[in-house]
Amino acid sequence: MNLEGGSGAGLRQPSKRRLPAASSGMVDPHQLFDDTSSSTTALGRGYGAQQSPTSGSFLAEPMSNFAMAYGSTLASQGKEIVDKNIDRFIPMTKLKYYFAVDTIYVGKKLGLLLFPFMHQDWQVRYQQDRPVAPRFDINAPDLYIPVMAFLTYLLVAGLALGTQNRFSPDLLGLQASSALAWLIVEVLAILLSLYLVTVNTDLTTIDLVAFSGYKYVGMIVGIVSGLLFGKTGYYLLLSWCCLCVFVFTIRTLRLKILSEAAAEGVLVRGAKNQLRMYLTMAIAALQPLFMYWLTFHLVR
């Protein structure tokens, strides 16, 4: 018997099959201990990730506090610099005085502007060498009524132009700039006249702006009456308002410009006092002229 043939044909030796390599997820049965190196690395990484934000926030918190403190210091210093520079050109504390009004004062002041004939005491009251606030004295000048009257005048002028189909933003802007320019010219002319006449008075530039701005109340009344009653109503009520503003300006400014003679109760005599009296009347006469000039083209 051929053993080699039998072994080649009849008896086959079993083939050796390779086992697949153990994956990372499978456990080797011959391994005695678990491999914890990967888990230790992962835990170490997690600990480091948890520690880094804590250390960063620990360092960032003092820096943020320092930045906030530095920013607040800069803001306070900048505010002080701005306040000092503003006070040089615009006396904010004085402006607060001219806006210290209330509803009762505004009502009484408007009544005084439209009916000044019954008022007797025109003297401004003082307290510790300072004039009292306007809300405590109807004779004190203020800026609230002139500013509000100027803005209302522009609104009423726009309404008048709109009713005549002549409204345009450019025309309304021209009206506003023209009224403001004439106000500035008027105040500068009064200041120059007071300087040339050498009047020693406590009138300030803000006082002159206030007294020059009161005429806008009469201008508003004239325009509204023109819209309601036509030219006849316009001329009638504007004439009344012009007369009231003329009387109001004379009785108010004569105590300021003629302060020396008025304080002593002496009659106005001499060339110097005559010039002061003429200046007072000229300032009062300017008010009706501006009132007519700035309103006549708005009523048709």
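How many aromatic pairs does a search of the whole structure find? The search turns up twelve, with rings of Phe, Tyr and Trp (its six-membered ring) counted as a pair if their centres lie within 6.5 Å. This is a predicted model, where local features need pLDDT of at least 70, side-chain atom pairs count only at pLDDT 80 or more, and totals for chains, interfaces and linings use all residues. Residues are numbered from 1 along each chain as its sequence is written, and side-chain values use heavy atoms, leaving out hydrogens and water.

**View 1. Phe-115 meets Trp-240 as a tilted pair.** The ring centres sit 6.1 Å apart with planes at 55°, so this one is tilted (under 30 degrees would be stacked, over 60 edge-to-face, the rest tilted). Phe-115 is in the loop between α4 (103-114) and β1 (126-127), while Trp-240 is in helix α8 (residues 215-257), 125 residues apart. Helices (H or I, at least four residues) and strands (E, at least two) are DSSP runs, numbered from the N terminus. Phe-115 is exposed at 54% relative accessible area; Trp-240, at 35%, is partly exposed (buried is under 20%, exposed over 50%, partly exposed in between; 1.4 Å probe, protein chains only).

**View 2. Phe-150 and Tyr-216 go edge-to-face.** Here the centres are 5.3 Å apart and the planes at 85°. Phe-150 belongs to helix α5 (residues 144-163) and Tyr-216 to helix α8, so the pair ties together parts 66 residues apart in sequence. Phe-150 is buried at 15% relative accessibility, and Tyr-216 is buried at 1%.

**View 3. An aromatic cluster.** Its members are Trp-122, Phe-211, Tyr-214 and Phe-248.
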